[in-house]
Amino acid sequence: MSSNSLLPPNATAAERALETTTATASDLPVQLRSLWNPDTCPADLLPWLAWALSLDSWQPYWPERIKRQRIRDAIEIQRRKGTARSVRDVVRSFGSSLTIREWWQRSTPGEPHTFDVTLSLGADVPNTAEYQQDIVDEISRTKPVRSHFTFTAGLNATAGIGIVAVARPYIYRRLTATAD
């Protein structure tokens, strides 16, 4: 028995052999800071980092930069889950942008606890129905539970001649006038 052993004097031979075998395991250099950083973590370990940060979904076909962004935003999204900001953060982490118009922001108020989502996919993200469904699923997971939404998808595009197509969201406000 070695002097730095943690085993009791009545340890079996198998326990002592296991202690001897694993004694040098802690000598392996592991760069924990780089493993817990989404920018420096090796790509093949990103799913494990996502799991450790409680990401609700993960798809192997997502581009690597989207995976890293989703991990970067994971804590903030979890912290604000159930708010409009968390919905915006989720969509931004997918490399897209959106406009949210809640029921009370419409020209004629809609049904309470509903909102419209207009999604604009970025130019460098997958433009597939599967990818859009992943975004819708994440919106469903992060929105307030009592709310329901209508989803509209679009693309941001720029023309080669120098004409730029820009979508500008408008905020609708209700004005009330009274006669004196």
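Start by selecting W58, W62, F94 and Y131: together they form one aromatic cluster. This is a predicted model, in which local features need pLDDT of at least 70 and side-chain atom pairs count only at pLDDT 80 or more, while totals for chains, interfaces and linings use all residues. Residues are numbered from 1 along each chain as its sequence is written, and side-chain values use heavy atoms, with hydrogens and water left out.

The structure holds 4 aromatic pairs. Rings of Phe, Tyr and Trp (for Trp, the six-membered ring) pair if their centres lie within 6.5 Å; planes under 30 degrees apart are stacked, over 60 edge-to-face, and the rest tilted. Zoom in on W62 and F94, an edge-to-face pair with 5.2 Å between centres and 85 degrees between planes. W62 sits in the loop between α3 (46-52) and α4 (64-79), and F94 in the loop between α5 (84-93) and β1 (96-102), so this pair ties together parts 32 residues apart in sequence. Helices (H or I, at least four residues) and strands (E, at least two) are DSSP runs, numbered from the N terminus.

Now colour by accessibility. Buried means under 20% relative accessible area, exposed means over 50%, and partly exposed is in between (1.4 Å probe, protein chains only). W62 is buried at 2%, and F94 is buried at 0%.

Next stop, D116 in strand β2. Is D116 buried or exposed? With 16% relative accessibility, D116 counts as buried. Show its side chain together with that of R106, and you'll find a polar contact of 3.2 Å. A polar contact is a pair of N or O atoms within 3.5 Å; within protein, one must be able to donate a hydrogen and the other to accept it, and residues adjacent in sequence count only if both atoms are side-chain atoms. Setting aside neighbours within four places in sequence, D116 is in contact (heavy atoms within 4.5 Å) with T99, I100, R101, R106 and T150.

Hop over to Q132, in helix α6 (residues 129-142). Its side chain makes a polar contact of 3.4 Å with the side chain of N127. Beyond neighbours within four places in sequence, Q132 touches L121, N127 and A153.

Time for some backbone. Most residues other than glycine have a negative phi. Select S54, in the loop between α3 and α4: S54 is not a glycine, yet its phi is positive, about 60 degrees. S54 is partly exposed, at 44% relative accessible area. Then pick H113, in the loop between β1 and β2 (114-121), where phi is also positive, near 65 degrees. H113 counts as partly exposed at 33%.

For the surface, select L28, V30, L32 and W36, a nonpolar patch with about 460 Å² of accessible area together. Accessible areas come from the Shrake-Rupley method with a 1.4 Å probe.

Finally, zoom out. The chain has 6 helices and 3 strands, following the pattern α-α-α-α-α-β-β-α-β along the sequence. Buried residues make up 28% of its 180 residues.

Terms used:
Patch = residues over 30% accessible without salt bridge, like charges linked within 9 Å, V, L, I, M, F, W, Y side chains within 5 Å. Salt bridge = Lys/Arg side-chain N within 4 Å of Asp/Glu carboxyl O.
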